[in-house]
Amino acid sequence: MDQSAFAAALLDPSLPLPAGVTCARGEPDATRFSVYRNNVVASLSRALGERFPVVRRLVGDEFFNGMARAFLTVSLPRSPLIFAYGDTFPDFVAGFAPAAALPYLADTARLEANWTRAYHAADATPLPVERLLAIAPERLAGIRLLLHPAVALARSDFAIGTIWQAHQAEVVGSVIVAASESVLVTRPTFDVRVHVVPPADGVFADSVLRGETLGEAAATAFARHPDFDFGHALLGLASLGAFADSPLQGDPA
Amino acid sequence: MNRQTLALALAGSLVSAFATTAYAAPLPAEKMVGMEKCYGIALKGQNDCAAGAGTTCAGTSTMDYQANAWKAVPAGTCTSMEVNGHMGMLKPM
(Lines give C-alpha, C1' and ligand atoms only; values in the text may rest on other atoms or scores of the structure.)
Protein backbone atom coordinates (compact mmCIF):
# COMPACT_ATOMS: atom_id res chain seq x y z
CA MET A 1 0.00 0.00 0.00
CA ASP A 2 1.24 3.49 -0.86
CA GLN A 3 1.46 5.27 2.49
CA SER A 4 1.67 8.78 1.07
CA ALA A 5 -1.49 8.25 -0.99
CA PHE A 6 -3.19 6.84 2.11
CA ALA A 7 -2.11 9.82 4.21
CA ALA A 8 -3.18 12.32 1.56
CA ALA A 9 -6.59 10.71 1.20
CA LEU A 10 -7.10 10.90 4.96
CA LEU A 11 -7.43 14.67 4.83
CA ASP A 12 -8.87 15.20 1.37
CA PRO A 13 -12.20 13.50 0.78
CA SER A 14 -12.04 14.40 -2.91
CA LEU A 15 -9.16 11.95 -3.40
CA PRO A 16 -10.00 8.39 -4.39
CA LEU A 17 -10.07 5.53 -1.92
CA PRO A 18 -6.47 4.37 -1.39
CA ALA A 19 -5.60 1.11 -3.09
CA GLY A 20 -5.65 -1.83 -0.73
CA VAL A 21 -8.44 -0.56 1.52
CA THR A 22 -10.79 -3.46 1.09
CA CYS A 23 -13.33 -5.45 3.00
CA ALA A 24 -12.84 -9.13 3.77
CA ARG A 25 -14.09 -10.15 0.34
CA GLY A 26 -11.49 -7.96 -1.34
CA GLU A 27 -13.80 -5.21 -2.54
CA PRO A 28 -12.98 -1.52 -1.95
CA ASP A 29 -14.45 -0.43 1.39
CA ALA A 30 -15.16 3.30 1.21
CA THR A 31 -17.37 3.30 4.30
CA ARG A 32 -14.72 1.91 6.61
CA PHE A 33 -12.14 4.31 5.28
CA SER A 34 -14.56 7.13 5.84
CA VAL A 35 -14.98 6.11 9.48
CA TYR A 36 -11.22 6.02 9.87
CA ARG A 37 -10.86 9.39 8.18
CA ASN A 38 -13.42 10.91 10.46
CA ASN A 39 -11.76 9.45 13.52
CA VAL A 40 -8.52 11.17 12.58
CA VAL A 41 -10.30 14.49 12.21
CA ALA A 42 -12.51 14.09 15.26
CA SER A 43 -9.72 12.98 17.60
CA LEU A 44 -7.35 15.75 16.58
CA SER A 45 -10.13 18.34 16.81
CA ARG A 46 -10.92 17.09 20.27
CA ALA A 47 -7.28 17.21 21.33
CA LEU A 48 -7.16 20.84 20.20
CA GLY A 49 -10.38 21.60 22.02
CA GLU A 50 -8.94 20.21 25.23
CA ARG A 51 -5.75 22.20 24.88
CA PHE A 52 -7.61 25.42 24.01
CA PRO A 53 -10.75 25.26 26.17
CA VAL A 54 -11.06 29.05 26.49
CA VAL A 55 -10.83 29.59 22.74
CA ARG A 56 -13.39 26.85 22.27
CA ARG A 57 -15.82 28.47 24.70
CA LEU A 58 -15.24 31.89 23.17
CA VAL A 59 -16.31 30.84 19.70
CA GLY A 60 -18.58 27.89 20.52
CA ASP A 61 -18.18 24.23 19.58
CA GLU A 62 -19.37 24.45 15.99
CA PHE A 63 -17.04 27.28 15.06
CA PHE A 64 -14.15 25.76 16.99
CA ASN A 65 -14.49 22.37 15.36
CA GLY A 66 -14.58 23.96 11.93
CA MET A 67 -11.50 26.01 12.77
CA ALA A 68 -9.76 22.90 14.12
CA ARG A 69 -10.52 20.99 10.92
CA ALA A 70 -9.16 23.83 8.83
CA PHE A 71 -6.03 23.84 10.99
CA LEU A 72 -5.36 20.13 10.88
CA THR A 73 -5.48 20.01 7.12
CA VAL A 74 -2.42 22.29 7.11
CA SER A 75 -0.76 21.12 10.33
CA LEU A 76 -0.77 17.51 11.40
CA PRO A 77 0.93 16.39 14.62
CA ARG A 78 4.72 16.33 14.35
CA SER A 79 5.16 14.58 17.67
CA PRO A 80 3.61 11.38 19.05
CA LEU A 81 2.86 13.42 22.20
CA ILE A 82 -0.66 14.66 21.66
CA PHE A 83 -0.30 17.45 24.23
CA ALA A 84 2.27 19.06 21.94
CA TYR A 85 -0.25 19.25 19.11
CA GLY A 86 -1.39 22.79 18.48
CA ASP A 87 1.82 24.68 19.18
CA THR A 88 1.22 26.50 15.89
CA PHE A 89 -2.54 26.82 16.38
CA PRO A 90 -2.32 30.41 17.75
CA ASP A 91 -0.54 31.57 14.59
CA PHE A 92 -3.15 29.82 12.51
CA VAL A 93 -5.95 31.50 14.45
CA ALA A 94 -4.29 34.88 13.87
CA GLY A 95 -4.58 34.36 10.13
CA PHE A 96 -7.96 32.64 10.11
CA ALA A 97 -10.25 35.02 8.25
CA PRO A 98 -13.60 33.90 9.74
CA ALA A 99 -12.22 34.76 13.22
CA ALA A 100 -10.93 38.19 12.23
CA ALA A 101 -13.74 39.87 14.17
CA LEU A 102 -12.28 38.49 17.40
CA PRO A 103 -8.84 40.17 17.50
CA TYR A 104 -8.07 38.80 20.98
CA LEU A 105 -8.61 35.17 19.99
CA ALA A 106 -5.08 34.37 18.77
CA ASP A 107 -3.40 35.89 21.83
CA THR A 108 -5.79 34.00 24.09
CA ALA A 109 -4.71 30.85 22.26
CA ARG A 110 -1.07 31.80 22.88
CA LEU A 111 -1.74 32.02 26.59
CA GLU A 112 -3.43 28.61 26.58
CA ALA A 113 -0.55 27.09 24.61
CA ASN A 114 1.89 28.55 27.14
CA TRP A 115 -0.14 27.03 29.96
CA THR A 116 0.05 23.50 28.57
CA ARG A 117 3.74 23.84 27.73
CA ALA A 118 4.41 24.99 31.29
CA TYR A 119 2.43 22.06 32.67
CA HIS A 120 4.56 19.57 30.75
CA ALA A 121 7.88 21.42 31.00
CA ALA A 122 10.85 19.90 32.80
CA ASP A 123 11.04 20.42 36.55
CA ALA A 124 13.62 22.88 37.78
CA THR A 125 14.33 24.61 41.05
CA PRO A 126 13.54 28.33 40.77
CA LEU A 127 16.36 30.75 41.44
CA PRO A 128 16.12 31.75 45.11
CA VAL A 129 15.44 35.49 45.10
CA GLU A 130 18.15 36.33 47.63
CA ARG A 131 20.76 35.06 45.17
CA LEU A 132 20.09 38.20 43.15
CA LEU A 133 21.60 40.28 45.94
CA ALA A 134 24.81 38.27 45.75
CA ILE A 135 25.52 39.50 42.21
CA ALA A 136 28.29 42.09 42.18
CA PRO A 137 26.69 45.46 41.29
CA GLU A 138 29.04 46.09 38.37
CA ARG A 139 28.15 42.73 36.81
CA LEU A 140 24.38 42.98 37.14
CA ALA A 141 23.78 44.71 33.80
CA GLY A 142 25.72 42.10 31.85
CA ILE A 143 24.01 39.04 33.26
CA ARG A 144 21.71 36.69 31.42
CA LEU A 145 19.72 34.71 33.93
CA LEU A 146 18.91 31.10 33.15
CA LEU A 147 15.22 30.88 32.30
CA HIS A 148 13.04 28.32 34.03
CA PRO A 149 11.89 25.64 31.54
CA ALA A 150 8.23 26.46 32.19
CA VAL A 151 8.30 30.25 31.91
CA ALA A 152 6.49 31.97 29.06
CA LEU A 153 5.03 35.39 28.43
CA ALA A 154 2.09 36.39 26.28
CA ARG A 155 1.74 40.10 25.55
CA SER A 156 -1.39 41.36 23.94
CA ASP A 157 -3.21 44.55 23.05
CA PHE A 158 -6.17 42.88 24.71
CA ALA A 159 -7.03 41.71 28.21
CA ILE A 160 -6.19 38.07 27.60
CA GLY A 161 -5.46 37.35 31.25
CA THR A 162 -8.83 38.72 32.29
CA ILE A 163 -10.51 36.76 29.50
CA TRP A 164 -8.71 33.57 30.54
CA GLN A 165 -9.64 34.09 34.17
CA ALA A 166 -13.28 34.72 33.35
CA HIS A 167 -13.42 31.40 31.53
CA GLN A 168 -12.21 29.40 34.52
CA ALA A 169 -15.72 29.85 35.87
CA GLU A 170 -18.80 28.00 34.66
CA VAL A 171 -20.60 31.21 33.82
CA VAL A 172 -18.72 33.86 31.88
CA GLY A 173 -19.88 37.39 32.41
CA SER A 174 -19.12 40.53 30.50
CA VAL A 175 -15.42 41.24 30.05
CA ILE A 176 -13.94 44.46 28.72
CA VAL A 177 -11.19 43.23 26.43
CA ALA A 178 -9.79 46.51 25.11
CA ALA A 179 -6.95 46.72 27.63
CA SER A 180 -3.40 45.60 27.00
CA GLU A 181 -2.15 42.82 29.25
CA SER A 182 1.11 40.94 29.69
CA VAL A 183 0.55 37.49 31.11
CA LEU A 184 3.37 35.47 32.64
CA VAL A 185 3.02 31.73 33.05
CA THR A 186 5.33 29.87 35.43
CA ARG A 187 5.45 26.55 37.23
CA PRO A 188 7.86 26.91 40.16
CA THR A 189 6.82 23.58 41.66
CA PHE A 190 3.81 21.53 40.59
CA ASP A 191 1.12 24.08 39.90
CA VAL A 192 0.99 26.28 36.82
CA ARG A 193 0.72 29.93 37.82
CA VAL A 194 -0.78 32.65 35.67
CA HIS A 195 -0.07 36.31 36.42
CA VAL A 196 -0.89 39.60 34.80
CA VAL A 197 2.29 41.64 35.24
CA PRO A 198 2.54 45.45 35.02
CA PRO A 199 2.98 46.80 31.45
CA ALA A 200 6.56 48.01 31.96
CA ASP A 201 7.49 44.70 33.55
CA GLY A 202 5.97 42.93 30.57
CA VAL A 203 8.35 44.78 28.26
CA PHE A 204 11.24 43.89 30.56
CA ALA A 205 10.22 40.24 30.86
CA ASP A 206 9.78 39.94 27.11
CA SER A 207 13.36 41.15 26.56
CA VAL A 208 14.76 38.88 29.25
CA LEU A 209 12.90 35.88 27.86
CA ARG A 210 14.32 36.63 24.42
CA GLY A 211 17.81 36.31 25.88
CA GLU A 212 18.82 39.93 26.45
CA THR A 213 21.04 40.83 29.38
CA LEU A 214 19.44 42.48 32.41
CA GLY A 215 21.00 45.78 31.33
CA GLU A 216 19.66 45.55 27.78
CA ALA A 217 16.22 44.52 29.00
CA ALA A 218 16.15 47.33 31.57
CA ALA A 219 17.12 49.88 28.91
CA THR A 220 14.33 48.62 26.64
CA ALA A 221 11.80 48.92 29.46
CA PHE A 222 13.04 52.37 30.52
CA ALA A 223 12.74 53.61 26.96
CA ARG A 224 9.09 52.59 26.79
CA HIS A 225 8.15 53.25 30.42
CA PRO A 226 10.26 55.94 32.16
CA ASP A 227 8.78 54.92 35.51
CA PHE A 228 9.99 51.32 35.14
CA ASP A 229 11.20 49.93 38.48
CA PHE A 230 14.00 47.50 37.68
CA GLY A 231 14.47 46.10 41.16
CA HIS A 232 10.80 45.46 41.75
CA ALA A 233 10.40 43.86 38.33
CA LEU A 234 13.40 41.55 38.65
CA LEU A 235 12.49 40.56 42.17
CA GLY A 236 8.90 39.97 41.10
CA LEU A 237 9.80 37.80 38.13
CA ALA A 238 12.24 35.79 40.23
CA SER A 239 9.69 35.29 42.99
CA LEU A 240 7.17 33.97 40.48
CA GLY A 241 9.69 31.37 39.32
CA ALA A 242 10.74 32.83 35.98
CA PHE A 243 14.38 31.86 36.49
CA ALA A 244 16.05 28.56 37.22
CA ASP A 245 18.68 28.07 39.88
CA SER A 246 22.16 28.11 38.38
CA PRO A 247 25.62 29.54 38.96
CA LEU A 248 25.29 33.24 38.14
CA GLN A 249 27.73 34.16 35.40
CA GLY A 250 28.47 37.68 34.27
CA ASP A 251 28.50 38.45 30.59
CA PRO A 252 32.15 38.16 29.45
CA ALA A 253 32.14 41.69 28.12
CA MET B 1 23.42 56.76 30.90
CA ASN B 2 26.88 55.21 30.65
CA ARG B 3 27.69 51.66 31.55
CA GLN B 4 28.95 52.46 35.04
CA THR B 5 25.97 54.64 35.89
CA LEU B 6 23.54 52.02 34.60
CA ALA B 7 25.20 49.31 36.66
CA LEU B 8 24.92 51.35 39.83
CA ALA B 9 21.36 52.38 39.09
CA LEU B 10 20.28 48.78 38.55
CA ALA B 11 22.05 47.55 41.65
CA GLY B 12 20.58 50.35 43.73
CA SER B 13 17.12 49.63 42.40
CA LEU B 14 17.45 45.97 43.28
CA VAL B 15 18.66 46.64 46.80
CA SER B 16 15.83 49.11 47.24
CA ALA B 17 13.28 46.57 46.06
CA PHE B 18 14.52 44.03 48.54
CA ALA B 19 14.40 46.59 51.30
CA THR B 20 10.88 47.80 50.56
CA THR B 21 9.12 44.51 49.96
CA ALA B 22 8.57 41.36 51.91
CA TYR B 23 11.47 39.61 50.23
CA ALA B 24 14.19 40.87 52.54
CA ALA B 25 14.86 37.65 54.42
CA PRO B 26 16.22 34.62 52.60
CA LEU B 27 13.43 32.17 51.97
CA PRO B 28 13.57 28.42 51.54
CA ALA B 29 12.27 27.21 48.20
CA GLU B 30 9.04 25.82 49.62
CA LYS B 31 8.11 29.25 50.94
CA MET B 32 8.48 30.83 47.52
CA VAL B 33 5.28 29.23 46.34
CA GLY B 34 3.20 31.74 48.26
CA MET B 35 5.21 34.73 47.18
CA GLU B 36 3.44 35.27 43.92
CA LYS B 37 0.78 37.08 45.92
CA CYS B 38 3.24 39.94 46.27
CA TYR B 39 3.63 40.65 42.60
CA GLY B 40 1.34 41.12 39.64
CA ILE B 41 -2.22 39.90 39.58
CA ALA B 42 -2.50 36.20 40.32
CA LEU B 43 -5.09 34.45 38.19
CA LYS B 44 -6.58 31.27 39.50
CA GLY B 45 -7.05 28.44 37.04
CA GLN B 46 -8.14 24.85 37.12
CA ASN B 47 -4.84 23.12 37.53
CA ASP B 48 -5.41 19.95 35.63
CA CYS B 49 -3.93 18.68 32.44
CA ALA B 50 -5.84 20.31 29.63
CA ALA B 51 -4.56 18.21 26.77
CA GLY B 52 -4.91 14.55 27.45
CA ALA B 53 -7.39 12.72 25.34
CA GLY B 54 -7.57 12.86 21.61
CA THR B 55 -7.79 9.14 21.31
CA THR B 56 -11.53 9.07 21.26
CA CYS B 57 -13.43 6.95 18.80
CA ALA B 58 -15.89 9.73 18.13
CA GLY B 59 -15.84 9.70 14.37
CA THR B 60 -18.60 8.45 12.19
CA SER B 61 -18.79 8.06 8.47
CA THR B 62 -21.39 10.80 8.22
CA MET B 63 -19.46 13.61 9.88
CA ASP B 64 -18.98 16.65 7.72
CA TYR B 65 -15.29 17.42 7.78
CA GLN B 66 -15.18 19.63 4.76
CA ALA B 67 -13.99 23.09 5.67
CA ASN B 68 -14.52 24.68 2.28
CA ALA B 69 -18.22 25.40 2.83
CA TRP B 70 -17.59 27.71 5.78
CA LYS B 71 -20.67 29.29 7.24
CA ALA B 72 -20.26 29.07 11.00
CA VAL B 73 -20.05 32.26 13.03
CA PRO B 74 -18.47 32.60 16.48
CA ALA B 75 -21.33 31.85 18.85
CA GLY B 76 -19.73 31.23 22.22
CA THR B 77 -18.93 33.49 25.13
CA CYS B 78 -17.35 36.01 22.74
CA THR B 79 -20.79 37.55 22.53
CA SER B 80 -20.39 38.71 26.14
CA MET B 81 -16.94 40.20 25.59
CA GLU B 82 -16.90 43.97 25.26
CA VAL B 83 -14.58 45.48 22.67
CA ASN B 84 -14.31 49.26 22.51
CA GLY B 85 -17.69 49.64 24.12
CA HIS B 86 -19.39 47.28 21.69
CA MET B 87 -20.57 43.91 22.85
CA GLY B 88 -19.46 40.95 20.84
CA MET B 89 -17.29 41.60 17.86
CA LEU B 90 -14.95 44.35 16.88
CA LYS B 91 -16.39 44.59 13.43
CA PRO B 92 -19.21 42.88 11.59
CA MET B 93 -18.46 39.57 9.97
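Predicted model: local features only at pLDDT ≥ 70, side-chain atom pairs only at ≥ 80, totals over all residues.
Chain A is divided by its domain assignment into domain 1, residues 1-102, and domain 2, residues 123-253. The C-alpha centres of these two domains of chain A are 36 Å apart.

Nonpolar side chains in soluble globular proteins tend to be buried together. Here the largest nonpolar core has 57 residues. Those with the most contacts inside this core are L58(A), F64(A), M67(A), F89(A), Y104(A) and L105(A). Both domain 1 (1-102) and domain 2 (123-253) of chain A supply at least three residues to this core.

Helix α9 of chain A, residues 214-224, shows how burial is arranged around a helix. Its buried residues are L214(A), G215(A), A217(A), A218(A) and A221(A). Viewed down the axis of α9(A), these buried residues fall within an arc of 160 degrees, so they line one face of the helix. What do the buried residues of α9(A) pack against? Their partners are α8 (199-209) and α10 (230-240) of chain A, together with α1 (3-20) of chain B.

Helix α8 of chain A also holds D201(A). This aspartate is buried yet has no salt bridge. The nearest side chain of opposite charge is that of R155(A), 11 Å away, whereas a salt bridge requires the nitrogen and the carboxyl oxygen to be within 4 Å. Leaving aside neighbours within four places in sequence, D201(A) is in contact with F228(A) and A233(A) of chain A and with Y39(B) of chain B.

Other charged side chains do pair, and the count over all chains comes to 13 salt bridges. One of them joins R25(A) to E27(A), with the closest N and O atoms 3.5 Å apart. R25(A) counts as exposed because its relative accessibility is 68%, and the cut-off for exposed is over 50%. E27(A), with a relative accessible area of 42%, is partly exposed. Another salt bridge is formed by the side chains of D61(A) and R56(A), at 3.9 Å from N to O. R56(A) is partly exposed, with a relative accessible area of 27%.

R131(A) and D245(A) also form a salt bridge, and their closest N and O atoms are 2.6 Å apart. This pair links distant parts of the chain, the two residues being 114 residues apart. R131(A) is in the loop between α6 (105-120) and β1 (152-156) of chain A, and D245(A) is in the segment after α10 of chain A. Both ends are partly exposed: R131(A) has 28% relative accessibility, and D245(A) has a relative accessible area of 34%. Elsewhere, salt bridges that share partners join R155(A), D206(A), R210(A) and E212(A) into one network.

R78(A) is exposed, with a relative accessible area of 85%. From R78(A) to L127(A) the separation is 49 residues in sequence and 33 Å in space, C-alpha to C-alpha.

Conventions. Residues numbered from 1 in each chain as written. Chains lettered and ligands numbered in written order. Heavy atoms only, no water. Core = buried A, V, L, I, M, F, W, Y, C linked by side-chain atoms within 4.5 Å. Buried < 20%, exposed > 50% of the residue type's maximum accessible area, 1.4 Å probe, protein only. Domains from an automatic or database assignment. Helix = DSSP H or I, 4+ residues; strand = E, 2+ residues; numbered from the N terminus. Arc of directions from axis to C-beta. Contact = heavy atoms within 4.5 Å. Lys, Arg positive; Asp, Glu negative; His and termini not counted.
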